[in-house]
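Hi everyone, and thanks for coming. Let me put the structure up on the screen, and then we can walk through it together.

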Amino acid sequence: MVKKGGKNLGKIKGFSIQFLPYAEIRNLGSNERIKKILKIVLENRIIILQGKLSSEEEARLIGDTMAMIGHIKNFKGIELAVISDKEEEGFFNQFRTGLINILSKGDLGAITIIGPASIVKEIKKNPKKIELMLKD
Amino acid sequence: MVIKIIRNFFRNIFGGLFKNKEDIKLGFYGPPNAGKTSLANRICKDFTGEEIGKVSKIPHETRKVQFKEKVEIEYKNKKMTFKMIDTPGIATKIDYEDFLKYNMKKKEAKERAKTATQGIVESIKWLDDMDLVVIVLDATENPYSQVNITIIGNLVARKIPVLIVANKVDLKNADIKKIESAFPEYEVVGLSAKYGKNLEEFYESLLKLSKKI
């Protein structure tokens, strides 16, 4: 669900979403993954990443983001959310997706949304839905 | 005289054995304005009579990691000594314009934003050095924020025990159950750091968890 400032989409001029398949980052090291993500964010695009980063990579992404604020004009940080189906799955499905994840070297049952804070005001998340609130 | 010699003998032997044992490094982590410093202050005041840092309604008041050494927490005949580490709130974005709402001048707001970003980097670096972490969450806010999940994920990866605090239970719209259902694998203690409500349960859980280190 995409909303602007809590209301239905109104006068919005447009925004760009880039899908990033996990295959594009699978063989990259943590540094390169983060560089790639931040490069897209700096182009004012919202990333829909197939899979998710590790917790350590997420922490590093936040750290690198902080290091960039104040050094890159108009960059105020990012909004980040991960949606995962893990909690909803039964044992068999968890085992199956676990096996797929091992083979693919990533958590493909998840989707990560990363957007520049200058465009994305907030990503509201609860177990049932995700809302992308855009800046006015 | 003989008793004194024997006492000194044992003191030297056992004192030497435990001399290098450091105090438990207890970190306070969480998003900005959740009440990390308020809780750390409450604990420090209860057991040392001094506070660890300044609190404010303006987010990112704590912009440097703050310490309090040798805080001996005693509850129900159990006692443990901690090194308290209060960390700046972790966020994914900082906009100096948000500080202008608090009647701050532009220059001051920009400086605050700059030091806040540095504080977050410092908080993340300190994750490696903790023995035990209390995650302080605002019970009136949505707990499903990725920052909370990222912090906990990092602590799990480092095998650091975690206690979750649902702070601000004195407020009408506080919802501890929401935090409990967001983090079902963890013990959640609801309290009010501001008014010192339910600190007993917190001390009990903290000392229990300290044994897992």
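I'll take the two chains in turn, then the place where they touch, and finish with a few single residues.

Before we start, please keep in mind that this is a predicted model.

Let's begin with chain A. Its secondary structure comes to four helices and seven strands. If you read along the sequence, the order is β-β-α-α-β-α-β-α-β-β-β. Chain A has 136 residues, and 29% of them are buried. Looking at contacts in chain A with a separation of 6 or more, 72% are between residues 24 or more positions apart.

Now have a look at the end of that pattern. Strand E6 of chain A, residues 120-125, turns up again in a moment at the contact with chain B. E6(A) pairs with strand E7, residues 130-134 of chain A, in the antiparallel sense, over five bridges. The two strands form a hairpin, with four residues between them. To find your place in it, look for A:Glu122, which stands opposite A:Met133 in E7(A).

On to chain B. Here we have seven helices and six strands. Starting from the N terminus, the elements run α-β-α-β-β-α-α-β-α-β-α-β-α. The C-alpha atoms fill a box of roughly 70 × 40 × 35 Å, taken along the principal axes. Of the 213 residues in chain B, 43% are buried. For contacts with a separation of 6 or more, residues 24 or more positions apart account for 71% in this chain.

So where do the chains meet? The contact takes 22 residues from chain A and 20 residues from chain B. On the chain A side, helix H3 (55-68), strand E4 (78-84) and strand E6 (120-125) each supply at least two residues. H3(A) gives the most, with nine residues. By type, that side of chain A divides into ten nonpolar, six polar and six charged residues.

Next, the largest nonpolar core, which has 77 residues. Which of them touch the most other members? They are B:Met84, B:Val133, B:Ile135, B:Leu137, B:Ile164 and B:Val165. Strand E4 of chain B, residues 132-138, provides the largest share of this core, six residues. Let me zoom in on B:Val133: leaving out residues up to four places away in sequence, it touches B:Gly27, B:Tyr29, B:Leu155, B:Ile160 and B:Val162.

With 13 residues at 1.5 Å a residue, H2(B) should span 18 Å, and its end C-alpha atoms are 17 Å apart, which agrees. Several of its residues are buried, among them B:Lys36, B:Leu39, B:Arg42 and B:Cys44. What covers the buried residues of H2(B) includes strands E1 (24-29), E2 (66-75) and E3 (78-86), along with E4, E5 (162-167) and helix H7 (199-210) of chain B. Just after the helix, B:Gly49 takes a positive phi of about 85°.

One last stop: B:Arg112, in helix H4 of chain B, residues 106-126. Is B:Arg112 buried or exposed? The cut-off for buried is 20 or more other C-beta atoms within 10 Å, and B:Arg112 has 21, so it counts as buried. Setting aside neighbours within four places in sequence, B:Arg112 is in contact with B:His60, B:Tyr96 and B:Phe99.

Definitions and conventions. Residues are numbered from 1 along each chain as its sequence is written. Chains are lettered from A and ligands numbered from 1 in the order in which they are written. This is a predicted model: local features need pLDDT of at least 70, side-chain atom pairs count only at pLDDT 80 or more; totals for chains, interfaces and linings use all residues. Two residues are in contact if their C-beta atoms, placed from the backbone, lie within 7 Å. Ala, Val, Leu, Ile, Met, Phe, Trp, Tyr, Cys and Pro count as nonpolar, Asp, Glu, Lys and Arg as charged, and the others, Gly among them, as polar. A residue is buried if 20 or more other C-beta atoms lie within 10 Å of its own, exposed if 12 or fewer, and partly exposed in between; C-beta atoms are placed from the backbone. A nonpolar core is a set of buried Ala, Val, Leu, Ile, Met, Phe, Trp, Tyr and Cys residues joined through C-beta atoms within 7 Å. The expected span of a helix is 1.5 Å times one less than its number of residues. Two strands pair if DSSP finds at least two bridges between them.
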